[in-house]
Amino acid sequence: MKHLLSTQDLSRKDALDILDTAEEMAQVGQREVKKLPALRGRTVVNLFFEDSTRTRISFEAAAKRLSADVINFSAKGSSVSKGESLKDTAQTLAAIGADAVVIRHWASGAPQRLANTDWIDARILNAGDGTHEHPTQALLDAFTMRRHWAKLAGTGSAGTDLSGMRVAIAGDVLHSRVARSNVWLLRTLGATVTLVAPPTLLPVGVDAWPCEVSYDLDATLEQGVDAMMMLRVQKERMNASFFPSAREYSRRWGFDDARLEALDRHGLKDTIIMHPGPMNRGLEISSAAADSARSTILDQVSNGVSVRMAALYLLLTGGRDDETSTSHAATEGIPA
Amino acid sequence: MTQNHLITSASLLGGAPQDILIAEGVVVALGADAAAHPAAADATVLDATGLVALPGLVDVHTHLREPGREDAETVETGTRAAALGGYTAVHAMANSSPVADTAGVVEQVHSLGQAAGWVDVRPVGAVTIGLAGERLAELGAMAESRAQVRMFSDDGICVHDPVLMRRALEYVKAFDGVIAQHAQEPRLTEGAQMNEGDVSAVLGLAGWPAVAEESIIARDVLLAQHVDSRLHVCHVSTAGSVEIIRWAKQRGIKVTAEVTPHHLLLTDELVRSYDPVYKVNPPLRTQEDVLALRQALAEGVIDVIGTDHAPHPSEHKECEWAQAAMGMTGLETALSVIQHTMVETGLMGWADVARVMSEAPAGIGRLEDQGRPIAVGEPANIVLVDPAARWKVDGAAMATKGRNTPFQGMELPGRVTATFFHGHPTVLDGALNTPRHGAGA
């Protein structure tokens, strides 16, 4: 694993490696001195072309707990806003001596461009690219689910996967990098995934994904769900006719108080409620659901630091250095 | 006095070897008559054993970028690339800066082509002023100018207003013009980045659905039927478009259609690399589309190859996918890609290649001295191809300024060894020779 660009090309072994390492990292977070010397002398750049305070501070905390030097490079108020290209920015970071670049970008595929070109020879971590992927979010979600699933089974988390777990992901799948990363990773880890959304917010081509698709949240809950993940829905989408109004969206696809009660009615006492944040309370999730005992929303945030520590640690201290499968891309797409 | 040339043992359109004698820009003798002809006495002899002779290629769809984006391409560099690719005529698209929407601009481009002397440059006039899709450009003035424009297109942008499209189709009947439509419904493709389908779903890139092309083609063939005018559909890219065009032709509608070499070979699977060299408009589609396009070309539902040669400076491709410019170079690879996808697959013979790359394109553009058969008395626009050659595509070695070839590193069959442009060899031994000057044509 040279880079962490997506969960689609993440092997089960690498995924479990990250999750198991994250368990060890989580121990560090419990200590009075929350710091390891593992990445002393290494430089990690947080390269953010899109505002995301939560993800940036999570990566920053992760890198600092591993004693790395952290540089935050925000596209706003920098040379990027003056028209500097991604290539020039990358070459600048290479010249500064960045060992790892954590990149958040509004353009799908930007992290892969950094990884595939000769602009910079650093480890690339995708911190969310456009509507493509957000692999560390999916890893922290899986980490949170795995702890829950292992606890129910009465075992420790390390080494286990999500076999048999039923996960529903509801919301704006079309524009969601979180949904994409979760679909691939949860499948790799043995869970079954159901996407729940209005048909307008599902991509053409979703039928080829390794998951179920539902337009009916109530029916999905009735069939049984072990983890219910709500995705953020932007109210502006209704202006583009993805749905008629925020209220109609909320009634049909929001996790409201009635659906919270429905979990009890269906006997789903152990079902957890997840959200990657930031939440629109009252739109895709009610306050009662977000603040209920079922909610793992804050656990997700703290687990995010552990997972990102694990990813940085494994990428920067080597682990294994097997090249991922990008070389065949040169011939793929050329029919004989 | 130009040099006479005696081409010996060339396989005419893939047939039996024959000699071809060229003098004063014209084919003066063929076969056994050639060597015996008086003009053969002082002719330069070119042994074409093993080579296929085709009429000089004609591109209906080339972006030469001049005036305005001389950093991307000039008429000089673009027509050098054309000659190397076996072309003797290209249609220069109108989306230059300023836009080719007046007699002045099309005459400038025409003159630049003559000054360069590598191929005939036939400017395409814009349909609407500034490609803005609001008011008709002075189509008649462009038609009557020295550039004698017959093809009009807002290529790059669709003439999406149905009334404007209708009027354009009607108006060009006055001078036997044709509207070449870039079929792309604008609302369905806002922000579109790639073909909408399985791959776009995974990559999280905004989709360019096939229906956005097909709905415009369906509308336009009905308009063309209604006003009985000529419609040319640029760069057809989907299997569904093929079905609509097939239907229209069966009804006798005057529609012609073009396909690019890249749409005959590449698919949207390549976009998984996020390398913008594969970003093009219309986008690369699926393998099913590729196979349907090949079949349609073989059957004549699609009439011609248009390269949509679209050079870009490297900084417009060395960036994020969404930031990158759309387009690929194509002039220097077109014939090889057609040999690879159509000839070597058994779908076409060399006579068919001559039809779709020379004869039919010249007919659409109404170029009277291009796309002619290789016969006595015909203009000597001839390309010699070595079909047995294999070569590795290297964008850096090309004559075009654009380095954005999607075939980089691929081994392709067929090599242009010589191009005769009105009897003058612009290409010899597979390399540029000299431009043709002085004829004032």
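1. Between them, chain A and chain B bury about 2,300 Å², and carbon and sulfur atoms account for 56% of that area. The model is a predicted one, and the values in this note should be read accordingly. Chain A brings 29 residues to the contact, and chain B brings 29 residues.

2. The polar side of the interface between the chains may be listed next. There are 2 salt bridges between chain A and chain B. Residue pairs in polar contact between chain A and chain B, both at pLDDT 80 or more, number 9.

3. Which helices of chain A each supply at least two residues of the side that touches chain B? They are helix H3 (86-96), helix H4 (110-116) and helix H6 (177-188). H4(A) gives the most to this side of chain A, with 4 residues.

4. A:Gly154 follows H5(A) and has a positive phi, near 75°.

5. Chain B is divided into two domains: domain 1 covers 5-53 + 376-432, and domain 2 covers 56-365. In the contact between them, 35 residues come from domain 1 of chain B and 44 residues from domain 2 of chain B. Taken over C-alpha atoms, the centres of the two domains are separated by 26 Å.

6. The area buried between domain 1 of chain B and domain 2 of chain B is about 3,100 Å², with carbon and sulfur atoms giving 67% of it. B:Lys401, B:Asn404 and B:Phe407 supply 22% of the area that domain 1 of chain B buries against domain 2 of chain B, more than any other three residues.

7. How many salt bridges does the rule find across the interface of domain 1 of chain B and domain 2 of chain B? It finds 1 salt bridge there. B:Glu344 forms a salt bridge with B:Arg390, and their closest N and O atoms are 3.3 Å apart. Between domain 1 of chain B and domain 2 of chain B, 18 residue pairs are in polar contact, both residues being at pLDDT 80 or more.

8. Four strands of chain B each supply at least two residues of the side of domain 1 that touches domain 2: strand E16 (382-392), strand E17 (411-421), strand E18 (424-428) and strand E19 (431-432). E17(B) gives the most to this side, with 7 residues.

9. B:Ala375 lies in the loop between helix H11 (350-365) and E16 of chain B. Its relative accessibility is 25%, so B:Ala375 counts as partly exposed. Not counting residues up to four places away in sequence, B:Ala375 touches B:Val27 and B:Leu30. B:Gln225 is 150 residues from B:Ala375 along the chain, and the C-alpha atoms of the two are separated by 36 Å.

10. The side chain of B:Thr62 makes a polar contact of 2.7 Å with the side chain of B:Asp59. Leaving aside neighbours within four places in sequence, the residues in contact with B:Thr62 include B:Val90, B:His91, B:Thr307 and B:Leu331.

11. Two cis peptide bonds in chain B deserve a look. One joins B:Glu66 and B:Pro67, with omega about 5°, and B:Pro67 lies in the loop between E6 and helix H2 (75-84) of chain B. Another runs from B:Ser97 to B:Pro98, with omega near 5°. B:Pro98 is found in the loop between strand E7 (87-92) and helix H3 (103-116) of chain B.

12. Positive phi values also occur in residues other than glycine. B:Leu131 has a phi near 60° and is placed in the loop between strand E8 (120-123) and helix H4 (139-144) of chain B. At 10% relative accessibility, B:Leu131 counts as buried. B:Asp429 has a phi near 55° and is found in the loop between E18 and E19 of chain B. With a relative accessible area of 76%, B:Asp429 is exposed.

Terms used. Residues are numbered from 1 along each chain as its sequence is written. Chains are lettered from A and ligands numbered from 1 in the order in which they are written. This is a predicted model: local features need pLDDT of at least 70, side-chain atom pairs count only at pLDDT 80 or more; totals for chains, interfaces and linings use all residues. Side-chain values use heavy atoms; hydrogens and water are left out. Domain bounds come from an automatic or database domain assignment. Contact means heavy atoms within 4.5 Å. Buried area is the accessible area (1.4 Å probe) that two parts lose on being put together, summed over both. A salt bridge is a side-chain nitrogen of Lys or Arg within 4 Å of a carboxyl oxygen of Asp or Glu. A polar contact is a pair of N or O atoms within 3.5 Å; within protein, one must be able to donate a hydrogen and the other to accept it, and residues adjacent in sequence count only if both atoms are side-chain atoms. Buried means under 20% relative accessible area, exposed over 50%, partly exposed in between (1.4 Å probe, protein chains only).
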